[in-house]
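Hello,

Here is the structure we talked about. Please open it alongside the notes that follow.

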Amino acid sequence: MGYKKGSGPSVVIALGGNALGNTPQEQLELVKNTAKHIVDMVEDGVNVVVSHGNGPQVGMINNAFAYAAANDGKTPEMPFPEAGAMSQGYIGYQLSQAILNDLRERNIDRSTACIVTQTVVDPDDPAFQNPTKPVGAFLSEEEAKAKADETGWTFKEDAGRGWRQVVASPKPVRIVEFDAIKDLMDNGYIVVSTGGGGVPVFEIDGHYEGVPAVIDKDRSSSKLASDFGADMLVILTAVEKVCINFGKPDQEELSTMTVAEARKYIEEGQFAPGSMLPKVEACIEFVESHPEGKALITSLECAAAGLEGKTGTVITA
């Protein structure tokens, strides 16, 4: 028997790295605070799907296996898709547990479900011609070239610190487990899914195959939200509102943006490529594909107030 859905809107929430921390121990403490804010929304009737980043976590797993494989002679190399799936598993476990504990403390009769998610990407995506995302341990040039010959992986020199494997960052095409996520949400579960953007896979002749790549989690969250027809995509970050002229005397906080205004600001170079730009682009993609919906960028602490229209930056078509 399913749980009873909330009476409020359906929302996909993309958690930023600041909600998770850098080690399993630090994360275990931080997710308790994260869970509290999510359950505040659930208590208000919001139906929630939670996605999350995994950059530090997948890097830690990758580096640990690479070090062990190079030094103990017993541990195998861990392929990058499997490292991504491992990170989804343990982040999802900690998030689900923290949300469940908070639900029980408040006597809310709901439960969580964590879905290790695959995301289809296009083999012809131009990102595969120019891999740029560094992953894994630093190697010497000699080690990197030997590893490249052995595996076919791509390595690049990283800012004078050594050589690292680099992978592509393709666009998400389809969330493989979408039907399961939707069924669970329709039956009143708080679903944790699409962690780290999902494990990238090629779909070839009806079969899936993992590929070393990194999908931007905000773009996958946007794809998930538009496929749902969610009422809102919420991208959580370290700031309460998006700013233009950031860090300058004429810095200005934005409460609302249309797609046209957002594109104008992007052309002006207002949003940093490594931080705010992909978040704004993900919001544009969502509201363009689902004009009835809205996107919200704000901080975790302000999320509930943002859903009520009291703060944050709202992007509309």
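Start with Thr194. Beyond its neighbours within four places in sequence, Thr194 touches Ser51, His52, Gln88, Ile115, Thr117, Thr119, Ile175, Ile181, Ser220 and Leu224. Thr194 sits in the loop between β9 and β10. Its relative accessibility is 0%, so Thr194 counts as buried. Keep in mind that this is a predicted model.

Next, the sheets. One is open, with 8 strands in the order β3-β9-β2-β1-β12-β16-β17-β15 and mixed pairing. At its edges stand β3 (112–114) and β15 (256–258); each has a single partner strand, so one side of each has no neighbour in the sheet. From one strand to the next, the twist averages 20 degrees. Inside this order, β1 and β12 run parallel and share 4 bridges. Val11 lies opposite Met232 of β12.

α7 (residues 259–267) lies across β15 and β17 (313–316), at about 90 degrees to β15.

The other open sheet has 4 strands, ordered β8-β4-β10-β11, again with mixed pairing. Here β8 (174–175) and β11 (207–210) are the edge strands, each pairing on one side only. β10 (residues 199–204) and β11 are antiparallel, with 4 bridges. Glu203 has Tyr208 of β11 as its bridge partner.

Now the packing. In soluble globular proteins, nonpolar side chains tend to be buried together. The largest nonpolar core here has 36 residues, and Ile13, Leu15, Val48 and Val50 have the most contacts inside it. At least two residues each come from β1 (10–15), α1 (24–43), β2 (47–52), α2 (55–71), α3 (80–105), β9 (190–192) and β12 (232–237). α3 gives the largest share, 8 residues. A separate core has 34 residues, including Met185, Ile235, Ala262 and Phe271.

What does Val48 touch, leaving aside its neighbours within four places in sequence? Its contacts are Val11, Ile13, Ile38, Met41, Val42, Met185, Tyr189, Ile190 and Val191.

Last, helix α8 (residues 276–289). At 1.5 Å a residue, its 14 residues should span 20 Å, and the end C-alpha atoms are 20 Å apart, which agrees. The helix is mostly covered, with 10 of its 14 residues buried. Among the buried ones are Met276, Leu277, Lys279, Cys283 and Phe286.

Best wishes

Terms used
Residues numbered from 1 in each chain as written. Predicted model: local features only at pLDDT ≥ 70, side-chain atom pairs only at ≥ 80, totals over all residues. Heavy atoms only, no water. Pairing = 2+ DSSP bridges. Core = buried A, V, L, I, M, F, W, Y, C linked by side-chain atoms within 4.5 Å. Buried < 20%, exposed > 50% of the residue type's maximum accessible area, 1.4 Å probe, protein only. Contact = heavy atoms within 4.5 Å. Expected span 1.5 Å × (residues − 1). Axes fitted to C-alpha atoms, helices over the stretch in contact; angles between N-to-C directions.
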